[in-house]
Amino acid sequence: MLDGASSVLPYDFQVIAALAASGRPGRYCGSRTDYNGGLIDAMRRLPGIAVDVAGISGTVAPRWRGALAYLGLLLRVLWHGRQAELVNLQFSVAWPLEWLLLAPLRGKLVLTVHNAVPHGHGAGPHAPTARLARLANRLIFVSEATRDEFLRRYGEGFRAKATLLPHGLLPVVPGLQPIPPEPVAVPRALVFWGNVKPYKGVELFEALAQSHGVSSRGLSLQVVGRWDGLADLKQRLCTLGVDVIDRYLADDELSALFAQPVVFLLPYHHASQSGALYTLLHHGAVFVCSDSGDLGVFLRRYGLDGLILREHSAHAVLDCLDWLAAHRQQVADGLRRAQAELGWSRLLAVHPEAYAPVRAQ
């Protein structure tokens with residue numbers, strides 16, 4: 001498995017751990033990062049799994065040094081890939097290098113598609129993604145929403161390569177069992193958790209901070225996670241009294257946050273799916289989502305339509321809180337069913353074709 005910058009390392013770990021548990025040996029090739037280091041250590045302890053990491057991520061190396069490190073990592077993938085049943089590219093870092101050095105492995109190359117196009121791309125196809133998809137023997141989509149958007153943008157010709165492996169649970173600590181949800185009727189706070197980027201809709205907290213309906217309920221507001229730009233918004237939120245924590249939280253801090261009687265908001269403007277959702281789900285937290293990509297699909301699938309934001313406003317958030325208060329048992333039952341269905345070993349058993357040995361086309 002290749003994820004050059006370890007961009008989706010929690011996802012990588014869960015897939016590899018489930019494959020290792022089924023007796024499938026493998027090799028992980030990625031980057032050191034200044035966060036999630038415990039996952040690399042845990043991966044090294046998995047039976048039959050080799051780990052090969054370099055300083056590629058922008059969190060540990062300047063761009064020029066990361067590019068050189070990635071070139072060396074790709075050459076190692078090319079060497080080890082000759083004996084592998086398949087080579088799985090999780091997340092593209094530098095498509096020209098990948099296209100060139102993975103071409104000899106095209107007969108066994110599997111591309112996991114997390115997003116049909118990079119965030120912020122326009123309405124059309126993304127040429128580098130299309131090139132890698134044509135090179136790959138198989139495409140694994142992590143949600144139906146991602147698959148459907150990909151086929152709309154790039155054409156039905158890719159359907160023959162497409163297979164689905166739905167996104168599964170993402171515990172903060174490897175091996176942690178799912179925590180049963182216990183929805184609270186009266187939350188203490190509304191919280192956003194995750195990397196803060198323009199497409200994630202965090203400006204909703206500005207409206208929440210100015211809402212009489214929110215303040216009259218005694219709800220505090222918190223935005224937790226590393227910010228990617230948006231300095232003006234961050235300053236406005238702080239001025240309005242929103243508790244902004246601009247850093248990655250340690251595992252114990254995250255576990256404590258998820259255990260609080262709060263409701264998490266995922267007000268994304270555009271999203272294929274959200275790793276944050278599957279982390280919150282694993283930890284038994286309750287969340288309200290915008291109706292974007294897999295987020296709305298997920299809530300409808302488990303009978304939780306009332307937790308979908310009908311619009312990007314404070315009133316819509318309060319409507320969801322009212323629905324939550326009136327349907328606590330329904331929410332608990334839906335989230336528990338989702339937890340039971342989205343364990344990784346079960347997902348791989350239901351979708352064995354995703355990581356079956358590749359037959360050259």
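Contact here means heavy atoms within 4.5 Å of each other, and helices (H or I, at least four residues) and strands (E, at least two) are DSSP runs numbered from the N terminus. This is a predicted model, where local features need pLDDT of at least 70, side-chain atom pairs count only at pLDDT 80 or more, and totals for chains, interfaces and linings use all residues. Residues are numbered from 1 along each chain as its sequence is written, and side-chain values use heavy atoms, with hydrogens and water left out.

**View 1**

**View 2. Helices H13 and H14 crossing.** The axes (lines fitted to C-alpha atoms over the stretch in contact, with angles from 0 to 180 degrees between N-to-C directions) of H13 (residues 314-326) and H14 (residues 328-341) come within 5 Å and cross at roughly 90°. That's why the pair counts as roughly perpendicular (65 to 115 degrees). Trp-323, Leu-324, Ala-325 and Ala-326 from H13 meet Arg-328, Gln-330 and Val-331 from H14. Sorted by class, these contact residues are five nonpolar (Ala, Val, Leu, Ile, Met, Phe, Trp, Tyr, Cys and Pro), one charged (Asp, Glu, Lys and Arg) and one polar (the others, Gly among them).

Conventions. Angles under 35 degrees count as roughly parallel, over 145 as roughly antiparallel, 65 to 115 as roughly perpendicular and the rest as oblique.
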